[in-house]
Amino acid sequence: MAPVGSKRGVLERLDAGEVVIGDGGFVFALEKRGYVKAGPWTPEAAAEHPEAVRQLHREFLRAGSNVMQTFTFYASDDKLENRGNKLTFTGQQINEAACDLAREVANEGDALVAGGVSQTPSYLSCKSEDEVKKIFKKQLDVFIKKNVDFLIAEYFEHVEEAEWAVQVLKATGKPVAATLCIGPEGDMHGVSPGECAVRLVKAGADIVGVNCHFDPMTCVKTVAMMKAGVEKAGLKAHYMTQPLAYHTPDCSCQGFIDLPEFPFALEPRILTRWEMQHYAREAYKAGIRYIGGCCGFEPYHIRAVAEELATERGILPEASEKHGMWGSGLEMHTKPWVRARARRDYWERLKPASGRPLCPSMSTPDGWGVTRGHAELMQQKEATTAEQLRPLFQKYQREMRIALPPSLLRLQTLIS
């Protein structure tokens, strides 16, 4: 076990041209395991069920992750208390528990701890810059107390709020990474990926990129645009990508949140481990050296990234002991037609079927087009009321131009 502070930092590794592998999507993974509530997506599990969070950290470490990101997504007080969400732990308790768990597991290998902050309901509700920055500062106090190795401002739809977060984090003197949940169209106010990246670097970010909302190849394309913008401006940065594990060819600016399948029917869109290897290679070719994942990523996806880049990294992850490269373990299968699949070209050429008769290949995103300042995005501590739900159901019916399904019709009747 390496003592705190004895490991080379994230910038030392990136400056040396090394690949840093991130982890995966904790809120989605833990929601599926029964420890996170979909909707709030808040991380009280760090304090309520530390054994679940610890085990997921260990699985990502075993799969090849170099970074244990604290499970502090949406852990600001204004989000923890949003729309009637009831907690038995304070934001400080959750953040401290998350830091302790990440450090414990990071010290079991050659991994760093990254403290993360994300977008806030206060920004969506048009609170002032000072008010929003105070929220980041409150989380940051815990990260400094726990001496995390570096800081990440992640999951920001608006570059302005991300800039504010970076400015707060940069004041610590620790390395800062900043990722926006945007695609090639830019942020929710139409600021291009290149301009977003320039603004983040000028705000103080050492590493810039994207996370969540879009599939791996869309994210690689977006980061390439960011890289081009930074270089055109004569600036320097390192680049990172932590995408979804879902195919999103039918998404526009808002990403997968607009998909009708979000969040409970996304499984048919999950990338295979072989597609993840392709992602890792394309990200590397694009000059991205911090490569990880977000929602939908499970440890086996990160293992695929680590295996694809094993030559560059000079090491295979521990989890590869149970996984033959390109399916070579199938050579030991009892059935000859399965043994015949123990080769790379089989898995690279495979077009997986969904097994769902008449299932469409793509969906029509909802895309209501609301963003910061719109009345429907004003947040509140009180639970969402039936009166607030009624116009949303009606809007859904108008926008989609379809009859409401029986379940929503019943609910609409109950609240009428």
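Q119 is placed in the loop between β3 (112-118) and α7 (121-124); helices (H or I, at least four residues) and strands (E, at least two) are DSSP runs, numbered from the N terminus. The structure is a predicted model, in which local features need pLDDT of at least 70 and side-chain atom pairs count only at pLDDT 80 or more, while totals for chains, interfaces and linings use all residues. Residues are numbered from 1 along each chain as its sequence is written, and side-chain values use heavy atoms, with hydrogens and water left out.

Q119 has a relative accessibility of 6% and therefore counts as buried (under 20% relative accessible area, with exposed meaning over 50% and partly exposed in between; 1.4 Å probe, protein chains only). Its side chain is joined to that of Y74 by a polar contact of 3.4 Å. A polar contact is a pair of N or O atoms within 3.5 Å; within protein, one must be able to donate a hydrogen and the other to accept it, and residues adjacent in sequence count only if both atoms are side-chain atoms. A polar atom of the Q119 side chain also lies 3.2 Å from the backbone nitrogen of E157. With residues up to four places away in sequence not counted, Q119 touches Y74, E154, Y155, F156, E157 and E161, where contact means heavy atoms within 4.5 Å.

Strand β3 is largely enclosed by the rest of the structure, because seven of its seven residues are buried. In a regular strand the side chains alternate between the two faces of the sheet. In β3 both faces are covered, with L112, A114, G116 and S118 buried on one side and V113, G115 and V117 buried on the other. Strand β2 (residues 67-69) pairs with β3 in the parallel sense over three bridges; two strands pair if DSSP finds at least two bridges between them. In this pairing M68 stands opposite V113 in β3. β3 and β4 also run parallel and are joined by five bridges, with V117 opposite A153 in β4.

These strands belong to an open sheet of eight strands in the order β1-β8-β7-β6-β5-β4-β3-β2, with parallel pairing. β1 (20-21) and β2 stand at the edges with a single partner strand each, so one side of each is left without a neighbour in the sheet. Strand β5 (residues 176-180) and strand β6 (residues 207-211) run parallel and are joined by four bridges; here A178 stands opposite V208 in β6. H238 lies in strand β7 (residues 238-242), and its side chain makes a polar contact of 2.7 Å with the side chain of D15. Apart from neighbours within four places in sequence, H238 is in contact with L11, L14, D15, D206, I207 and V208.

A search of the whole structure finds 19 aromatic pairs. Rings of Phe, Tyr and Trp (its six-membered ring) pair if their centres lie within 6.5 Å; planes under 30 degrees apart count as stacked, over 60 as edge-to-face and the rest as tilted. F150 and Y290 form an edge-to-face pair, 6.4 Å centre to centre and with 75° between the planes. F150 lies in strand β4 (residues 150-156) and Y290 in strand β8 (residues 290-291), so the pair ties together parts that are 140 residues apart in sequence. Both F150 and Y290 are buried. W274 and W326 form a stacked pair, 5.0 Å centre to centre and with 15° between the planes. As W274 lies in helix α12 (residues 273-285) and W326 in the loop between α14 (310-313) and α15 (336-339), this pair ties together parts that are 52 residues apart in sequence. W274 counts as buried at 12% relative accessibility, and W326 at 11%. Ring pairs also link F28, W41, Y246, F256 and F262 into a cluster.

The loop between α14 and α15 also holds A319, which counts as buried at 11% relative accessibility. A319 and G64 are 255 residues apart in sequence and 7.7 Å apart in space, C-alpha to C-alpha. A319 touches R62, A63 and R303, with residues up to four places away in sequence not counted.
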